[in-house]
Amino acid sequence: MKVEIKESLKVGERAFKAPVLVYENMEEINKAAGSVEKPVERLNGFLHAHGSAGDLRDLIAGIVEEVSKIKPNVKDTGKKNAKGEAITEQEKEAVYVTRVITAQPDLFDKVQALLDQRARGYTYKDEKGADVVVAPLAVDISVRVAAPKGPKSLAAKWKEVATNFLAGKINPKSNKPYSLANLNKEFKKYSVAEFAPTGEPNTPANIEALGWLCKAYSDAKDNFGSL
């Protein structure tokens, strides 16, 4: 095994660091696991939790909304953005799906049937009549963050979070500007890709890109906690 320095328990701008023994190669991992299959199983579980699991939750929630015609609840957080507009928050996928299916349990099998079909990949037509091909749900070791599959709109709360960092707004908890460098350090802990703005930081394109990474980070933290 070899030593790597790992961060934990961030306090303000600093984090505690400690040397941790980690495996050096696959031969060492297979020997410790006692088989070749077990490490692959664990790796697939990790890649799913940090990638395709978020896409799976989005897909389930989308199908539930489609068949039930019930939208997720949106609540006012009591906060406002720089323009004085109310900041809203949409209920988590798990809360939304549980609420709807509990009220209409007969929908479960219908949602499951559509999920089984669409998780394998599917094609649909957009508003202009063009075919849109959605790839199957899959783990992917070649990327740090699974790209969103299919046309999705980024929730307003993630745009708000991204704007806070890109515009250097003041964090009310620390009375210091939101730090993109510190955010990238947090991303790294959950294998989320580092973000570097293109051109002027606070542009719609940069806000959208960073917003998706913030969502991926949140999903990874939720999934990690459930392992």
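## Salt bridges

Lysine 71 and glutamate 65 are joined through their side chains by a salt bridge, with 3.1 Å from N to O; the term denotes a side-chain nitrogen of Lys or Arg within 4 Å of a carboxyl oxygen of Asp or Glu. Lysine 71 is exposed, at 61% relative accessibility, whereas glutamate 65 is partly exposed, at 26%. Here buried means under 20% relative accessible area, exposed means over 50%, and partly exposed lies in between (1.4 Å probe, protein chains only). The model is a predicted one, in which local features need pLDDT of at least 70 and side-chain atom pairs count only at pLDDT 80 or more, while totals for chains, interfaces and linings use all residues. Residues are numbered from 1 along each chain as its sequence is written, and side-chain values use heavy atoms, with hydrogens and water left out.

The structure contains ten salt bridges. Side chains of opposite charge can pair when their charged atoms come close. A further example is formed by glutamate 66 and arginine 118, whose closest N and O atoms are 2.7 Å apart. This pair links distant parts of the chain, since glutamate 66 belongs to helix α2 (residues 37-68) and arginine 118 to helix α4 (residues 107-118), 52 residues apart. Helices are DSSP runs of H or I with at least four residues, strands are runs of E with at least two, and both are numbered from the N terminus. Glutamate 66 is partly exposed, at 37% relative accessibility. Arginine 118 also lies over the face of tyrosine 122, 5.6 Å from the ring centre; for such an arrangement, NZ of Lys or CZ of Arg must be within 6 Å of the ring centre and within 35 degrees of the ring normal.

## Glutamate 186 and its partners

Glutamate 186 is located in helix α6 and is buried, with a relative accessible area of 17%. Its side chain forms a salt bridge with that of lysine 189, at 3.0 Å from N to O. Both residues lie in helix α6, three residues apart, which is about one turn of the helix. Lysine 189 is partly exposed, at 34% relative accessibility.

When residues up to four places away in sequence are not counted, glutamate 186 touches Lys10 and Tyr217, contact meaning heavy atoms within 4.5 Å.

## Aromatic pairs

There are four aromatic pairs. Rings of Phe, Tyr and Trp (its six-membered ring) pair if their centres lie within 6.5 Å; planes under 30 degrees apart count as stacked, those over 60 as edge-to-face, and the rest as tilted. Phenylalanine 187 and tyrosine 217 form a tilted pair, at 5.6 Å centre to centre and 55° between the planes. Phenylalanine 187 lies in helix α6 and tyrosine 217 in helix α7, so the pair ties together parts that are 30 residues apart in sequence. Phenylalanine 187 is buried, at 0% relative accessibility, and tyrosine 217 is buried as well, at 13%. Phe187, Tyr190 and Tyr217 make up one aromatic cluster.

## Nonpolar cores

The largest nonpolar core comprises 18 residues, and those with the most contacts inside it are Leu183, Phe187, Val192, Phe195, Leu210 and Cys214. A core of this kind is a set of buried Ala, Val, Leu, Ile, Met, Phe, Trp, Tyr and Cys residues joined through side-chain atoms within 4.5 Å. Helices α5, α6 (180-189) and α7 (204-225) each supply at least two of its residues, and α7 provides the largest share, with seven. Cysteine 214 touches Trp158, Val161, Leu183 and Phe187, not counting residues up to four places away in sequence. A second, separate core has 13 residues, including Tyr96, Val100, Leu107 and Val111.

## The loop residue valine 139

Valine 139 is placed in the loop between β6 (131-134) and α5 (156-166). This valine is partly exposed, at 36% relative accessibility. Valine 139 touches Asn44, Leu47, His48 and Ser52, not counting residues up to four places away in sequence.
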